[in-house]
Every structure is written in C-alpha cells, then in structure tokens.
Amino acid sequence: MCGIAGIVAKNNVNQDLYDALTVLQHRGQDAAGIVTCENGILNQRKGNGLVRDVFHTRHMQRLKGHMGIAHVRYPTAGSSSPALAQPFYVNSPYGISLAHNGNLTNSEALSVELFQSDLRHLNTESDSEVLLNVFAHELQRLGKLIPTADDVFAAISGVHQRCRGGYAVVAMIASYGIVGFRDPNGIRPLVYGVRKTPAGDEYMLASESVALDALGFKLVADVAPGEAVFIDREGNITLRQCAESHSLNPCIFEHVYFARPDSIMDGVSVYKARLRQGERLAEKILREHPKHDIDVIIPIPDSSRIAAQSMAARLGVKFREGLVKNRYIGRTFIMPGQSARKKSVKQKLNAIGLEFKDKNVMLVDDSIVRGTTCQQIIEMARDAGARKVYFASAAPPVRYPNVYGIDMPAATELIAHGRSVDEVQKEIGADWLIYQDLEDLVYCSAEGNAKIAEFDCAVFTGDYVTGDVDQDYLDKLASDRSDAQQSARNSAVGDGALIGLHNDVS
C-alpha cells in the first residue's frame with residue numbers, strides 16, 4: 001500500500017507536495033519521493049525513511065516548479081532498497097515520471113514483453129517501473145512530437161488493455177501536464193480536487209481526500225474505475241473513460257485498516273463505516289453471548305478505536321484507553337521479518353494496569369492477519385492483571401493473500417488460513433474470540449454508497465475480482481514474500497540512481 005499525490009498550480013508546488021505526503025504518511029513509511037517540473041526540467045528528491053527524514057530545506061529549495069507528483073511507499077514484497085523509492089522516470093518519450101499505488105498481477109509477463117517486443121529496459125523488479133514503461137511505450141507508439149490530451153488518453157487505454165491488477169497512478173509528462181488514472185475495477189483509491197486562487201484554478205490528485213482537505217483543495221470526485229484525469233500545465237482539466245469495460249470494486253480493507261477515518265472514499269465516509277463495524281460487532285455479541293460479562297472495552301490503537309467506541313455504546317459497557325501507543329514505531333504487519341514484528345509489538349504498546357486489573361476485558365482490533373500482534377497483546381493484558389481477555393476483530397477472518405498492493409503474506413502465514421475460529425482463539429490465547437461476519441462488513445461500507453457494484457473482499461473469500469489469479473500465481477507470490485527471499489532481495493539491490501533528471505541525492 002502506498003500514497004500518491006500530484007498538483008498543477010500557479011506557484012511552486014514543493015511545499016504542498018511535502019505537506020500532502022505528511023498527511024498520507026500512514027500509507028507508507030518505508031520511502032518517500034517528489035518530482036517537480038520547471039521549464040521542462042525535472043527535479044527529484046527521494047530516499048528511504050519518513051517524509052520528514054527524506055526532505056530537508058536544501059532539497060526543498062531545489063524542487064522548483066508549478067507541477068509535480070509525490071509518493072510514500074511501503075514495500076509490498078518486503079524490499080526496501082532506495083532504488084525502489086518512487087517516483088520512477090523514463091526519458092523517452094518526452095520525459096515521464098510516475099508514482100503508483102497497487103500491484104500488477106501480470107507484471108512478470110509484461111516485463112518479458114517490454115524487453116522482447118517493446119525494446120525497453122527495466123532497472124528494478126518493481127511493477128511500478130513496469131507500468132511506467134508500458135505507459136511510455138503506448139505514448140511513444142503514437143509518434144507525436146507534441147502530445148495532446150487525446151494522445152494521453154489513448155496511451156492509458158493501451159495500459160488498461162495490457163495491465164492487470166489493482167493500480168492508482170499519477171504521472172507527469174515534462175512540460176505538458178499531469179495525469180491520474182485508476183484500474184478498471186477501481187480497486188485502489190484516487191480522488192481529485194480544485195483550489196480557487198486569484199491567478200486561477202489549481203488541481204490536485206491524491207490517494208485520499210484528507211490530503212486535499214489539508215491543503216485547502218475542495219474534493220470534486222473520485223476518479224472513476226478506468227477513468228483518467230489530465231491536467232495540462234496551464235491548469236486545464238479533461239476527463240475521459242479509457243477502459244472498454246469497468247465496474248467499481250474498491251478494496252474494503254481500506255475502510256477496515258488503511259485509510260484515515262477523516263477520508264471519503266468512493267462516496268463512503270471511512271469514519272462512518274468504522275462506526276457501523278462496531279455496531280454490527282456489538283449486535284453479534286448480543287446474539288451469541290447475550291449474558292456476556294464484559295467489564296470494559298479497550299481498543300488496540302489506532303485504527304480500531306472508532307469501532308470499539310461504537311461497540312461499547314451499543315453494549316452499554318465502559319470504553320477505556322488501556323493501551324498506550326509509541327507513535328515512533330511503524331505498523332507491525334508490514335514489517336519485513338517475523339522477528340522484527342515480534343520485537344516491535346513490545347516497543348509499540350504499553351498497558352495501563354489500572355484498566356485491566358481484575359476485569360473481564362474485551363480487546364478490539366481492526367483485523368487479525370498473522371496473529372503475532374494480538375497474541376502478544378493478550379499476554380500483555382493478562383500480565384496487567386486482567387481476569388479474562390476476550391478479543392473482537394472488526395473484520396472477518398483473513399484467510400487469503402492480497403494481490404493488489406497490500407503486503408499480506410502467503411496463506412500459510414495467515415493465522416486464520418485453514419483454522420476454525422475456535423482454533424484461532426486457542427492459538428492467540430483468548431478466552432473467546434469474535435469475528436465480524438462478511439455480510440455485515442460489506443453492509444457497513446456499502447451503506448455509504450449504493451452505487452458500489454461489489455467490494456474486493458479477496459482476503460476473506462479467496463475470490464479475486466480481476467479473474468487472473470490462480471494457485472501458481474499465489475505460490476510464486478508466497479515465495480517472493482517469504483522472509484528469506486526478502487532479505488536476499490534487499491542485499492542484492494543497490495542504491496541506484498536515475499539518469500536524465502536532476503536527481504537530488506545529497
């Protein structure tokens with residue numbers, strides 16, 4: 001999962017792009033990058049680390065230009081080499097930089113095709129570089145010295161015909177403008193907005209509406225599945241549907257975990273969806289445990305807090321903040337290496353003993369993936385004096401890998417894969433465990449927008465909306481995402497540097 005942004009403005013966009021990335025930091029904490037364009041020259045700064053660590057004053061002063069794109073990354077397959085930081089760049093045609101959120105399911109076949117048929121060189125194993133080169137080839141084959149919006153849209157139509165998977169993209173064509181587009185299933189999110197200024201309208205694209213809010217842009221709409229939005233350097237905006245067939249199937253895990261609660265995605269308030277998740281969980285508890293003895297409900301911070309609050313209100317049980325989070329530790333399930341994940345849980349959370357001692361505690365989390373975190377937190381609750389420890393997940397059992405850009409591991413590493421709820425309960429050490437029902441989770445999100453055809457719920461069902469994911473693909477994915485493979489990849493990929501633009505590495 002990553003965060004992307006693009007801005008065409010009347011003044012330098014470097015500070016706005018930096019601010020956008022800080023707002024989107026929750027979507028990726030591994031690397032960050034910005035590319036701007038001034039008089040046809042692309043200026044870039046990117047590197048590993050948080051936004052505040054990658055960009056210093058000297059870098060910002062060099063990122064001049066009235067348009068630019070930006071990216072925050074976490075490694076889908078665990079690699080964290082600086083060479084994989086985005087945006088990526090190709091010099092032909094025109095000079096194109098691109099930032100991508102998602103994952104191509106046919107990346108391997110496309111890589112061969114790009115080399116053998118399109119005669120294009122790939123410098124990394126990133127599917128984002130594959131997508132960039134597909135887009136560049138489709139644009140180059142039109143043979144235009146000066147591309148028009150129609151040419152850009154034609155190239156994106158070619159991308160949709162060749163690429164499979166989930167992807168939201170912002171790309172900048174030097175001297176011409178910025179384009180944003182979304183896969184034909186609308187799996188990964190992308191929105192655009194406008195900011196009125198005395199000099200004229202300014203436009204912004206971003207993964208989440210909260211980034212627009214923070215910069216004073218008014219949300220116009222979500223980019224529709226298969227749609228492209230082109231904003232030229234003068235600030236003129238054009239929209240075009242570029243996919244032959246398309247339907248809205250957004251990733252429901254955005255509402256469960258990834259998105260900020262103050263975002264609106266595909267017309268759905270993430271905050272309201274999480275409120276409904278807690279209410280539905282409470283109703284399930286009342287059905288299955290009408291005489292429950294829960295004394296207090298405690299969220300596992302931060303993404304489960306809203307669901308826990310509404311659950312407590314519905315059950316008439318006290319809500320307490322019993323776990324304090326160290327905000328300088330990243331999200332644990334996206335950390336490469338099981339030992340690193342185990343260590344970080346202890347560093348990340350600390351229990352307030354008074355809220356646990358001699359109480360029957362219901363812990364609430366947004367989901368259970370590997371089970372490492374919740375197992376250790378349950379131990380922490382018992383060590384703090386809890387009489388009984390119950391556990392609730394605002395999402396159904398996660399039993400299948402995600403193939404569209406979320407680092408959910410091989411099925412065998414998922415604690416619920418091949419296990420019943422009772423078996424998971426025993427494995428994590430809870431006195432009882434309750435999961436959200438899938439139909440309830442879908443209701444919680446669909447209630448916000450009746451036009452959503454279907455949500456991508458593959459991590460719960462194993463049904464992949466693109467229809468091209470088979471067991472061979474999942475086996476290859478499992479191998480790529482193994483801890484040993486990730487370590488080998490990290491040591492094999494060097495720092496790397498892009499050629500053809502002002503690349504600020506100091």
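Modeller: Let's start with a definition: rings of Phe, Tyr and Trp pair if their centres lie within 6.5 Å. In this predicted model, such ring pairs link Y74, F253, Y257, F258 and F460 into a cluster.

Biologist: How many aromatic pairs does the structure hold?

Modeller: It holds 10 aromatic pairs. One of them is formed by Y94 and Y176.

Biologist: What makes Y94 and Y176 an aromatic pair, and which kind is it?

Modeller: Check the two values. The centres are 5.7 Å apart, and the cut-off is 6.5 Å, so the rings pair. The planes are at 75° to each other, and anything over 60 degrees counts as edge-to-face, so that's the name they get.

Biologist: Where do Y94 and Y176 sit in the chain?

Modeller: Y94 is in the loop between β5 and β6, Y176 is in the loop between β7 and β8, and they are 82 residues apart, so the pair links distant parts of the chain.

Biologist: Why are Y94 and Y176 called partly exposed?

Modeller: Y94 has 22% relative accessibility and Y176 has 23%. Buried would need under 20% and exposed over 50%, so both fall in between.

Biologist: What makes β7 and β8 a pair of strands?

Modeller: DSSP has to find at least two bridges. Between β7 and β8 there are 6, and the strands run antiparallel. Here's one spot to look at: A168 stands opposite R182. In the hairpin there are 3 residues between the strands, and S175 takes a positive phi near 75°.

Biologist: Which strand does β8 also join, and with how many bridges?

Modeller: β12, through 5 bridges, again clearing the cut-off of at least two, so they pair too. These strands run antiparallel, with G177 opposite D232.

Biologist: On to the cysteines. How many disulfides does the structure hold?

Modeller: It holds 0.

Biologist: Are C374 and C457 buried or exposed, and what are their values?

Modeller: C374 has 3% relative accessibility and C457 has 9%. Both values are under 20%, so both count as buried.

Biologist: What makes the buried residues of α15 line one face of the helix?

Modeller: First, who they are: D440, L441, C444 and S445. Seen down the axis of α15, they fall within an arc of 135°, so they line one face. An α-helix has 3.6 residues a turn, so residues three or four places apart point the same way. The cover over those residues of α15 includes α8, β15, α9 and α16.

Biologist: Why is A307 called buried?

Modeller: Its relative accessibility is 1%, and the limit is under 20%, so buried it is. A307 lies in helix α10, and other buried residues of α10 include I306, A308 and M311.

Biologist: What does A307 touch, leaving out residues up to four places away in sequence?

Modeller: R274, Q277, G278 and A394. For α10 as a whole, what covers the buried residues includes α9, β16, β17, β20 and β21.

Biologist: What makes β21 count as largely enclosed?

Modeller: 5 of its 6 residues are buried, so the rest of the structure largely encloses it. β21 also pairs with β20 in the parallel sense over 6 bridges, where N360 stands opposite K388.

Biologist: Last one: how do you know that R280 lies over the face of Y443?

Modeller: R280 is 3.7 Å from the ring centre. The distance limit is 6 Å, so that part of the test is passed.

Key
Residues are numbered from 1 along each chain as its sequence is written. This is a predicted model: local features need pLDDT of at least 70, side-chain atom pairs count only at pLDDT 80 or more; totals for chains, interfaces and linings use all residues. Side-chain values use heavy atoms; hydrogens and water are left out. Helices (H or I, at least four residues) and strands (E, at least two) are DSSP runs, numbered from the N terminus. A disulfide is a pair of cysteine sulfur atoms within 2.5 Å. Buried means under 20% relative accessible area, exposed over 50%, partly exposed in between (1.4 Å probe, protein chains only). Rings of Phe, Tyr and Trp (its six-membered ring) pair if their centres lie within 6.5 Å; planes under 30 degrees apart count as stacked, over 60 as edge-to-face and the rest as tilted. A charge sits over a ring if NZ of Lys or CZ of Arg is within 6 Å of the ring centre and within 35 degrees of the ring normal. The arc is that of the directions from the helix axis to the C-beta atoms. Contact means heavy atoms within 4.5 Å.
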